[in-house]
Structure formats: C-alpha cells, structure tokens
Amino acid sequence: MLTSDLFSSLVYLDRDFIAGIYEITTGLSPQSQITKAQSKKAGASIPVFSAEISAVETRTFPVSTLEMLACTMPALQAEPSLDAGDFEPGMSSKVGWVDATLGTVTAFSSYGVPGEPGYMKGEEQGCFTLRGNMSLTLITTPDYFVSGLDALLKMHKVLLRDLTIPVRALVRVVAAQNYTDDWIAVPYLICERRTG
C-alpha cells in the first residue's frame, strides 16, 4: 500500500522502469500491443538498407503506477547504496541508491578554442545534478517529474537563485563522464529526504 509519506515525497518516477520491475517482481504480465509503423520520407527506400520501420509496444496493467511503486518498494529498497569509489571508466552500469542534494547546472556548449578563429559559443544547456559523496549529472525525462518540477530547470536561467533539495535517488550510473568529471546517471526514482 502506498503511504502518504511516500506519495508526498515523490520528485521523479520513471513509470516505464517501475512497470518493468512490477512485472518482474509480481510475475503479472500486462496486456501488450505491438504496433509497427514506417516513417514517411520523400522518395523510394530500399528495404534492405532502410531502418525506417519501428515497433512501439503499449502495455496496460490493471493497477496504477503508484500502486506498482508501492508493491515494488521492498525490492527497490534492497538495491545497494552506491559509492563513488565503485565507478571507473569501462565499468558495467551500476544501479543503486544515492543520498544527495538535487540541484541544477547551466552551461554553454561551444565549438573550437576561445579566442581562436572559428570559435562559436553555442546554446545554453541546463541539467539536473546530484551532489553528495559523488557528483552525478542526470539524464531526465520532463514527464517523469512530479507536479511540474521539471520547470525548475527553466527557472534556473532567470529566476532561481538556489536549488538544493535533499533527496534519496535510485539511479543507474553509466560509464560516462562529462567535462567536469561528473558521472552520468539515469534516475529511476527520486524522493525528497526529510530533514530535521
């Protein structure tokens, strides 16, 4: 059963991940429909060399995502806590919990060397981060944030002075780092940690 504490603490929930874990832990398979579609492009395509056909799977469970989360929480809580010392180039992905502070960072993409001919300053890019005993930059999906919290990323450029939300996050860290040496992670579940 989903508690009001868990519900009110939700920040981010990857519904597809939770549905997959629900199917694995309960053994209950959803009704599934696979649809193939071919994109429309001008001109003829040669089927052997064309990758324009894609399949989309639609799954339907008889329960809500929140009920799936409540049912799978014991399995999710059994995942280990991650440590920065576990990460190294070429590693397999690591899935586990991180206690950290959710924040944002904004950077400009650029091309070339500053001051040299051909240098171009690109667009401003923002992303969410987790800071604690490790530094993670998150690859997020806006729809997975609860109650429009993804708008905080847009506000960071103009109106937001400081974003430091204490969270507990279940993430998948991949063998990739950005130019500030943050490891790249995909969040599955982020809940606000109660302090004080």
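The model is a predicted one, in which local features need pLDDT of at least 70, side-chain atom pairs count only at pLDDT 80 or more, and totals for chains, interfaces and linings use all residues. Residues are numbered from 1 along each chain as its sequence is written, and side-chain values use heavy atoms, with hydrogens and water left out.

Asp14 sits in the loop between strand 1 (10-13) and helix 2 (15-26); helices (H or I, at least four residues) and strands (E, at least two) are DSSP runs, numbered from the N terminus. Asp14 is buried but has no salt bridge. Here, buried stands for under 20% relative accessible area, exposed for over 50%, and partly exposed for what lies in between (1.4 Å probe, protein chains only). A salt bridge would take a side-chain nitrogen of Lys or Arg within 4 Å of a carboxyl oxygen of Asp or Glu. The nearest side chain of opposite charge is that of Arg15, 7.4 Å away; for charge, Lys and Arg count as positive and Asp and Glu as negative, while His and the chain ends are not counted. What the Asp14 side chain does have is a polar atom 3.0 Å from the backbone nitrogen of Phe17. Leaving aside neighbours within four places in sequence, Asp14 is in contact (heavy atoms within 4.5 Å) with Tyr144, Pro187 and Tyr188.

On to the rings: a search of the whole structure turns up five aromatic pairs. Rings of Phe, Tyr and Trp (its six-membered ring) pair if their centres lie within 6.5 Å, with planes under 30 degrees apart counted as stacked, over 60 as edge-to-face and the rest as tilted. Phe17 and Tyr188 are stacked, because their ring centres are 3.7 Å apart and their planes are at 0 degrees. This pair ties together distant parts of the chain, with Phe17 in helix 2 and Tyr188 in strand 8 (residues 183-192), 171 residues apart. Both Phe17 and Tyr188 are buried.

Phe128 and Phe145 make a tilted pair, at 4.8 Å centre to centre and 35 degrees between the planes. Phe128 belongs to strand 5 (residues 120-132), and Phe145 to the loop between strand 6 (135-138) and helix 4 (151-155), 17 residues apart. Phe128 has 2% relative accessibility, so it counts as buried; Phe145, at 7%, counts as buried too. Tyr12, Phe128, Tyr144 and Phe145 form one aromatic cluster.

Gly85 lies in the loop between helix 3 (65-77) and strand 4 (94-111), and counts as exposed because its relative accessibility is 63%.

Key:
Polar contact = N/O pair within 3.5 Å; in protein donor to acceptor, adjacent residues only side chain to side chain.
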